[in-house]
Amino acid sequence: MVKGMTSLAMLSIGLPLLWFYIGVEWATGLLAMVVLVTAWRQPVLAGLLFVVTATLLLRLEYEARFLLPAQWQHGTAELTVCLSQPARVFDDYQSVVAAVTYQPDTLALRRLRFTADTDRVLQAGDCVSGDFRLRKPVGALVPGQFNATRYYFSERIDALGSLLEIHRVVPQPGLPVRLHNRAAPHFQQIDARAIWSALSLGWSSSLPAHLGDLFEQTQLKHLMVVSGMHVGIVAAWGLLLGRALLHLPGVPLNRSFHLQLAWVGLLCGAFVALTGFGFPAVRAWVMLAIPLVALSVGRRFNALDVLACAAVAITLFRPQAWLSTGAWLSFMLVAIIVRLAQRWSQRDHSGLWLALKLQATLTLLMIPITAAMGFVWHPLSLLINALMIPLVTLLLLPWSLLILLFPSIAWVSGYEWTINIALDLLAWVSPLYQLAPAWTWWQIALVTVLLWWVLSQSVERPVRWLAAPALVTVALAFGTPREPVDSFKMTLLDVGHGQAMVLQWPNQTWLYDLAGQWQDGRSVAQQRLAHWYRRESIQPTGLLVSHADMDHAGGAKWAVREWPEARRISGDPERLARLSGQRGWRNCHLPDQDQAALPFKLISVPLALQTSSNDTSCVIWIPTPAGAVLVTGDASRMVEYWLLQAHPELFPVAALVVGHHGSHTSSASAFLDASPSAQLLVSSGDRHLPRWPNPDLVAYTERHGRPLHNTAERGTFTLTMAEHRMQLADHRSAYRKRFFK
């Protein structure tokens with residue numbers, strides 16, 4: 001083993017995460033302690049750790065300098081951006097990531113992710129000059145879910161934007177785009193062409209949404225991202241072709257071994273360059289280049305040494321890449337597979353049997369991973385992967401490259417026919433997919449350890465193989481419920497532009513509002529919150545949807561189907577009945593004898609004041625041991641003034657959820673002054689327009705020294721109200737805290 005390389009590899013993978021979550025100061029102090037402890041026994045290794053640590057921290061700090069400056073938040077800049085992939089087109093907008101080639105002197109952006117309308121669909125190779133409204137590269141933050149902020153930094157996306165006006169579009173296609181444009185007219189079917197583009201050029205991010213959903217449901221999304229599997233196949237085909245080329249006249253046979261190594265390395269490098277130097281492909285290329293270089297100088301590394309060297313090399317080249325969940329996840333899985341392959345290859349197994357065992361290992365290990373990440377999983381994933389991996393890697397990948405280089409002789413119609421057969425098969429089995437199991441973290445850790453123990457043992461002991469599926473079945477069937485809360489707890493979820501809250505008491509749980517919908521009509525609650533609800537063992541006593549606006553009621557249909565026994569209340573029950581497809585919604589503005597059974601007080605707004613949809617919002621007053629909490633939905637200032645006059649006994653409150661996401665139509669100064677020490681909470685995620693919270697509200701809070709706790713900055717946060725104690729906790733990282741200063 002390369003001395004100290006494993007330690008450096010672990011440091012390389014872990015340091016960017018430490019820097020992101022605990023900050024550069026704490027990360028530096030922690031690593032200084034590690035270096036000092038190491039120096040006691042191994043001073044040389046300690047010196048190496050110090051050099052690598054300092055280099056990585058400096059690199060990470062340097063990478064952070066390119067982010068959008070605070071003074072440009074929601075500012076408009078004239079930029080020129082160039083697309084290396086086509087835009088991903090939805091019903092009423094398109095989304096794309098592009099390199100910034102021209103910008104004002106005060107900006108230093110490298111890549112921009114932006115949206116635009118669909119009047120003119122942008123193509124690969126287009127360089128677009130126009131006016132872009134810019135905003136910080138920050139996404140919604142729900143604990144345990146996809147961390148968009150971390151992803152943007154790992155991909156060097158320095159800002160998000162909206163294309164307001166196009167000045168000009170100039171096609172400047174590079175070699176990959178020219179090859180694509182030459183071969184694309186040979187295709188008759190859009191889906192086949194999209195898959196071909198993903199496999200040959202790495203254009204997986206521009207796959208149509210329905211194909212992305214299909215591959216995710218069948219757990220085949222990894223096949224559309226060019227990674228180690230694809231680079232390995234190119235290397236194998238390159239080796240076969242290289243051996244054939246060695247028989248050409250004039251090739252020096254005494255240098256044949258070194259020529260083959262160089263040929264394979266260069267061919268794989270060309271493929272990685274063709275696919276845009278994506279991190280999975282670069283990682284695989286580095287992992288291939290290390291043993292090739294070692295062999296050329298007469299050295300041999302084992303597979304784990306190669307992994308360790310690759311981790312260090314990649315970190316020095318691009319340290320923030322390890323902030324991508326997929327990066328370290330795939331790297332760790334490769335390390336596990338390599339370790340098992342080394343152990344199992346010592347036994348008398350055929351190559352086919354060993355491949356099936358490794359695929360079964362991946363399938364089993366993905367179960368706790370799906371539980372941790374909230375992915376979907378498919379009960380037939382082992383069979384699906386066993387069929388589709390050889391089809392894609394052994395047939396479709398080389399066929400795709402052949403079409404790219406020689407489209408006129410590559411039999412494109414046969415390729416399309418093969419793709420159609422595969423897609424029909426996947427569409428047939430995809431409805432069987434399941435939502436991720438909602439395990440607690442200790443259950444995930446226990447299952448992972450036990451699965452690893454089972455898989456690492458000899459397969460000749462069938463009882464261990466029987467234990468693996470039995471263990472998974474038991475864990476799925478007997479999830480440990482969360483301990484009940486001993487006081488009032490309110491969780492304000494970060495759902496972008498919309499609102500979703502969980503109100504919990506020792507004996508009841510209510511959901512206040514159910515988030516919105518995306519442009520394609522999918523429910524944010526179903527797609528982003530469902531796993532969190534299951535993980536937290538949320539079983540609501542009732543659903544309270546303030547009013548019928550889609551940014552509050554977007555998840556109503558899903559929630560009613562998920563919890564059919566939950567009580568249903570809304571300020572606009574008739575519209576909620578139509579939106580959810582279920583009747584039985586009670587009007588929160590009509591007096592009811594069941595009020596005494598509710599843990600909160602419904603404040604009935606007079607019909608004369610319900611002049612708009614927003615003013616039908618349910619107003620609730622929640623008494624707690626540490627003071628009252630007031631939630632007004634999207635109610636306007638007219639309702640706020642009425643509350644002050646008709647219900648002065650409600651004030652002051654200890655915490656106030658600011659109305660209408662901080663819009664200018666709500667949060668009257670007199671209303672805020674009535675609770676001068678209240679915590680001000682707001683659900684606001686409209687990062688496309690600088691409307692919410694409105695400037696007047698922000699100026700009021702700054703003038704009175706009252707913090708405004710905003711989900712757009714803090715992510716999801718929880719307010720706990722116990723006896724004489726109020727605590728507000730969020731899930732921000734050190735990176736996000738510093739970024740919002």
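Val682 stands opposite Asn710 in strand β18 (strands are DSSP runs of E of at least two residues, helices are runs of H or I of at least four, and both are numbered from the N terminus). The model is a predicted one, in which local features need pLDDT of at least 70 and side-chain atom pairs count only at pLDDT 80 or more, while totals for chains, interfaces and linings use all residues. Residues are numbered from 1 along each chain as its sequence is written, and side-chain values use heavy atoms, with hydrogens and water left out.

Strand β17 (residues 679–682) runs parallel to β18, the two being paired over three bridges; pairing requires that DSSP find at least two bridges between two strands. Both belong to an open sheet of six strands with mixed pairing, ordered β13-β14-β15-β16-β17-β18. Because β13 (601–603) and β18 (708–710) each have a single partner strand, they form the edges, and one side of each has no neighbour in the sheet.

The largest cavity contains about 130 Å³ of space, a volume being the space filled by probe spheres set on the points, which are joined across faces, edges and corners. Its lining comprises 13 residues, of which Phe215, Met224, Val392, Ala422 and Leu426 are the closest to the centre. Helices α13 (381–405) and α14 (412–429) each give two or more residues to this lining.

Conventions:
On a 1 Å grid over the protein atoms alone, a cavity is a set of points where a 1.4 Å probe fits but cannot get out, and a pocket is an open set with protein on both sides within 12 Å along at least five of seven lines; lining residues have an atom within 4 Å of a point.
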